[in-house]
Amino acid sequence: MPTGRPREFDVEERLDRALDVFWRQGYEGTALSDLTEAMGINRPSLYAAYGNKEALFRKVLDRYAEGPAGYVRSALEQPSARAVAEAVLTGAIEVTTNGPGGCLFVQGALVTGRQNETARREIEDRRRRSEEMLAGRFERARDEGDLPSDTDTAALARYVWSVSYGLSVQAAAGTSREDLRRVADTALRAVPPDGRSGQ
């Protein structure tokens, strides 16, 4: 069985183009013709390299998590719970004000209807895993005495992510970076103080 001609394009570079399209237009708002035009390839090449639209979207979400949203991983490595929360919110502001607008995970979920349940569930699963990772980091902080012993770490993680999602929506609506930072600063006051110092 013939294997066909080798690919004459950079798979990763074209994936970045697809990311930009999905980020700007959302899953439902993106047609295959939008993708092939932006990526500079035809449908057979798209299917051969990435699979169908859903498979391509999953690859785009991976790319987004590793690239623009990579701040989440580094945020979890911050030395204190407050620094972790601050890094999450600061990172969200940077990504949502430098990119096409908003967060791909947030905007994608908001505009993806039930007729595209697979894509919607994929986004929601990734958001849930992010909350669980943050809750786990806060649990460690509580165990180390960095957070008060009675801290509800799951609720705190959901709170921080809820603020982050809200910042994304505000950014997509055109709120300035300075105003978003003021919101983040206000939200950080609700993060419990360092349990080791009582401050």
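Helices here are DSSP runs of H or I with at least four residues, strands are runs of E with at least two, and both are numbered from the N terminus. With that settled, helix α8 gives the most to the lining of the largest pocket, with 5 residues. I will come back to that pocket.

First, the ground rules. What we have is a predicted model, in which local features need pLDDT of at least 70 and side-chain atom pairs count only at pLDDT 80 or more, while totals for chains, interfaces and linings use all residues. Residues are numbered from 1 along each chain as its sequence is written, and side-chain values use heavy atoms, with hydrogens and water left out.

Now the overall picture. The chain has 10 helices and 0 strands. Read from the N terminus, the order of elements is α-α-α-α-α-α-α-α-α-α. Of the 199 residues in the chain, 43% are buried. Buried means under 20% relative accessible area, exposed means over 50%, and partly exposed is in between, with a 1.4 Å probe and protein chains only.

R14 sits in helix α1, residues 11-25. R14 counts as buried because its relative accessibility is 14%. Where does the side chain of R14 reach? It reaches the backbone oxygen of M39, at 2.7 Å. That is a polar contact, meaning a pair of N or O atoms within 3.5 Å; within protein, one must be able to donate a hydrogen and the other to accept it, and residues adjacent in sequence count only if both atoms are side-chain atoms.

M39 itself lies in helix α2, and at 0% relative accessibility M39 is buried.

Is T30 buried or exposed? T30 is buried, at 2% relative accessibility. A polar atom of the T30 side chain lies 2.7 Å from the backbone oxygen of G26.

This part of the chain also carries an annotation. UniProt, in an unreviewed entry, lists residues 31-50 as "DNA-binding region". UniProt positions are given in the numbering used here, feature names are shortened, and annotations may be inferred rather than shown by experiment. In the model, residues 31-50 are 80% helix and 0% strand, and the end C-alpha atoms of the span lie 15 Å apart.

Next, helix α4. The expected span of a helix is 1.5 Å times one less than its number of residues. For the 14 residues of α4 (residues 53-66) that should give 20 Å, and the end C-alpha atoms are 20 Å apart, which agrees. At the N-terminal end, N52 is the cap: a side-chain oxygen lies 3.2 Å from the backbone nitrogen of E54. The buried residues in α4 are K53, A55, L56, F57, V60, L61 and Y64. A55, for one, has 13% relative accessibility. From A55 to A119 the C-alpha distance is 9.3 Å, with the two residues 64 apart in sequence.

Helix α9 can be treated likewise. It has 20 residues and reaches 29 Å from its first C-alpha to its last, close to the 28 Å expected. D152 caps the N-terminal end of α9, with a side-chain oxygen 3.3 Å from the backbone nitrogen of A154. Buried residues in α9 include L156, V160, W161, Y165 and L167. Just after α9, G174 takes a positive phi of about 100 degrees.

E94 is in α6 and is partly exposed, with a relative accessible area of 25%. E94 and Y71 are 23 residues apart in sequence and 9.5 Å apart in space, C-alpha to C-alpha.

Finally, the pocket. Rolling a probe the size of a water molecule over the atoms shows where empty space is left. On a 1 Å grid over the protein atoms alone, a pocket is an open set of points where a 1.4 Å probe fits, with protein on both sides within 12 Å along at least five of seven lines; lining residues have an atom within 4 Å of a point.

The largest pocket has a volume of about 440 Å³, the volume being the space filled by probe spheres set on the points, which are joined across faces, edges and corners.

By class, the lining has 13 nonpolar, 5 polar and 6 charged residues. Here Ala, Val, Leu, Ile, Met, Phe, Trp, Tyr, Cys and Pro count as nonpolar, Asp, Glu, Lys and Arg as charged, and the others, Gly among them, as polar.
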